[in-house]
Amino acid sequence: MDIFIDKLSKLSRSQRNRNLFYQLLFLILVGFFANYLISKAMQLELTLSHFESRSGFGISHTFLKDYTSNDSRWSAYFTGVINTIRVSLVAIILATLLGTIMGVARLSKNVLFSTIAYLYVELVRNTPLLIQIIFWQIIFLKLPRITEALTFGSTVVVSNRGILLPYAKPNEDVNSNIFVIVLLFITIISFALSYYLNKKEDIDGKKLKIQNYNINGSLAGTFVFLILSVSTYFILQRPFVLDLPSLYQNSKGTYLQSGGFEFTPEFGAILFALVIYTGTFITEIVRGSIQSLSKGQTEAAQSLGLSNYQSMTLIILPQALRSIIPPLTNQFLNLTKNSSLSVVIAYPELFMVSRTIMNNSGRALPVFFLILFTYLSLSLIISLFMNFINRRVTRIGA
Amino acid sequence: MNQQLKWAYNTFSGSFYNTLITFLSLVIFGFIASNLFGFISTSEWAVVSANKRLLLVGRLPQGEEWRAWSILWISSFLIFSSLKIFVKPSIKELIFITIIFASVCFIFITQDAIFNVIIFSTLSLSSYLFAKYISQTPYITIFRKLLAFMWLTIIPLIFLILLIEDGPKPTLWGGFLLNIILAGVAISVGFPLGLLFALGRASQLPAVKIVCTIYIETIRGAPLVGWLLLAWFVLPKFLPEFWNLNETSVVIRAMIILSAFTSAYTAEVIRGGLQSIPKGQIEAADSLNLNLFTKLTLIVLPQAIRVVIPALISTFIAVFKDTSLVFVLALTDLLQVGRIIPEQDPEFFGKALEALSVVAFLFWIVSMALSNLSTRVERSMGIGTR
């Protein structure tokens, strides 16, 4: 026994052994807890087999994908995922624009402009997003009823059932998918061309010349893109035609609307709320990053005789971008997760669809894991993309 | 005069773009002002004045209001004496506070409550003056400690007041009271937990690190409404059976979820602070042969938390705003009351904006006060200017 204790005390003198012991203890505790959770979870139904069956509920917003209540629950779920991606993507782009403009505005020497930005941040940031979603829904529902809808020629129809905008719709006689693929190719080719020309100009240190005409890389790329895309459009016999919205009365006198791109009140409310709410945080990020740059940069730009706009776009923002991107990524992730709040105004995105499935099937836990998995994947995609941009941005002149 | 003209010319005009921006700003101001004026001139506030009680305390039974009032009195004493002792507001800030305070009193004063509101305002004023008096006497150190102790025990105290002598069931708590309680519990439970998780994630022991990272990233992975929905459907099945814990009310479940959520987010904030500590500090502590506990409490945490106080406060503001999401659990918090009344009471149809603006105002005041506090802390510590 004495030998045993002696050996133990010798062993315990090493930091490494003690660390191993602590970790073992910790893992045993966590293991007990996990075991408890798993044993409870095993009593519940854990498979997603019920996703194969008929969903039985309709979804009001379908985009890029046909869905009826006779389709499977998987189909409903993917419709929800597409709706989430759609609203998040548009909101991310618009919120970044709004935030950048307001962030610059907060530091503007124009008092009116900076006051607008200040009031915007202080009023919007300190109220819950949920209130703002409901607020925008109320505003959208206060638009005129469809019997008194505002029409601007036959291009835009505004009523409280939504805003209809002109849109391109596939021509039924022609296979329009080919056009999309060709257009993608043309885009890649023209980008590659302008990139190559600009690079060549940088390396050679002089402008490219073809028969005494200066060639600008970006301009040449745009030109090639326009020529190629317009000619393909006509060669393929107009694969897309303009789709104008129309408002008409049927035989019973009911007003109906059709055609165009439908901007529904639900989509509008969640989009406005997300953009304006997230925009405040991006404003503060942009302002902080600009302020963290040394004042010498602005002064150097001024002494070179650059205008305010030039010094902002050429000197300040490119440098500020480096410290903007990591917190910006965080805001994008928050925005994507916050889009789940649209459940309150019945915009059928991922969370709302999953909640309906939970209610119908009664198997909440596996559906919840599916939600968790989906949001984690979306977050991962955004993070990877932003990390890619971050690497590109930080590499320049770093 | 000439100089002022020059200033005005440079500020509002000067170049083409600046003139354009001034013009656009004026258009925006005009648009907002005309809409605001139109709303105010056509609004009817009966929807708020008839439902003050519901907005503030929800479905708390008649005769139980003294609980809410005494909570208000205690917290007003705490807030206003700490205001003088810890924050030391300037004259401008005092005027702002008074205006906000008066407008809140004005919104919620009723015939029955007039006596209570008078007590509330006298108490606030006298505690401020009392603190002002005591800060000139030697008792200030004891008073400071007393206040700090009271801030630490305020949440258990509120629970005691709400539950003592057969208090109403937690499901009857509602309105603004519920938001305050939920946020208070989430912060006071979530912060210490978050501290532990942050330390665990920064730990050198791989097992601890991995477990803490998994916890934090899982919680942050799904939106809060998702977790609340989980609490609604399956959390009772995971709670142990003794003391009937698996039949706890929805409010307690909301508290559990909100605390777990807060802990994950605070952990991430504190981790940022831990990473900002220079390695030399920890090596110095090691070379003084401090043990882990002393090293953490005397060297690491004071420096780490000091840096992240502004970020912590904005996390707390976010948690407070997120308490409005408990609609998923069918709880009637302030926002739900404000939404339901114009929808269900035929007398107030179409008055949704009025109700919503009062709800937004109440949320705004609390968040605004907290964010001002954070700016003050930031400035007094010189973070960002060093």
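Chain A carries 12 helices and 10 strands, with helices (H or I, at least four residues) and strands (E, at least two) read as DSSP runs and numbered from the N terminus. This is a predicted model, in which local features need pLDDT of at least 70, side-chain atom pairs count only at pLDDT 80 or more, and totals for chains, interfaces and linings use all residues. Residues are numbered from 1 along each chain as its sequence is written, while chains are lettered from A and ligands numbered from 1 in the order in which they are written.

Along the principal axes, its C-alpha atoms fill a box of roughly 95 × 70 × 50 Å.

As for domains, with bounds from an automatic or database assignment, chain A splits into domain 1 (2–42), domain 2 (52–126 + 266–395) and domain 3 (176–235). The C-alpha centres of domains 2 and 3 of chain A sit 31 Å apart. Chain B gets domain 1 (2–42), domain 2 (43–60 + 173–386) and domain 3 (62–167), and there the C-alpha centres of domains 1 and 2 are 39 Å apart.

Where the chains meet, 41 residues of chain A and 40 residues of chain B take part, contact meaning C-beta atoms, placed from the backbone, within 7 Å. Helix 2 (15–42) and helix 12 (364–395) of chain A are among the elements giving two or more residues to its side.

Note on methods. Contact = placed C-beta atoms within 7 Å.
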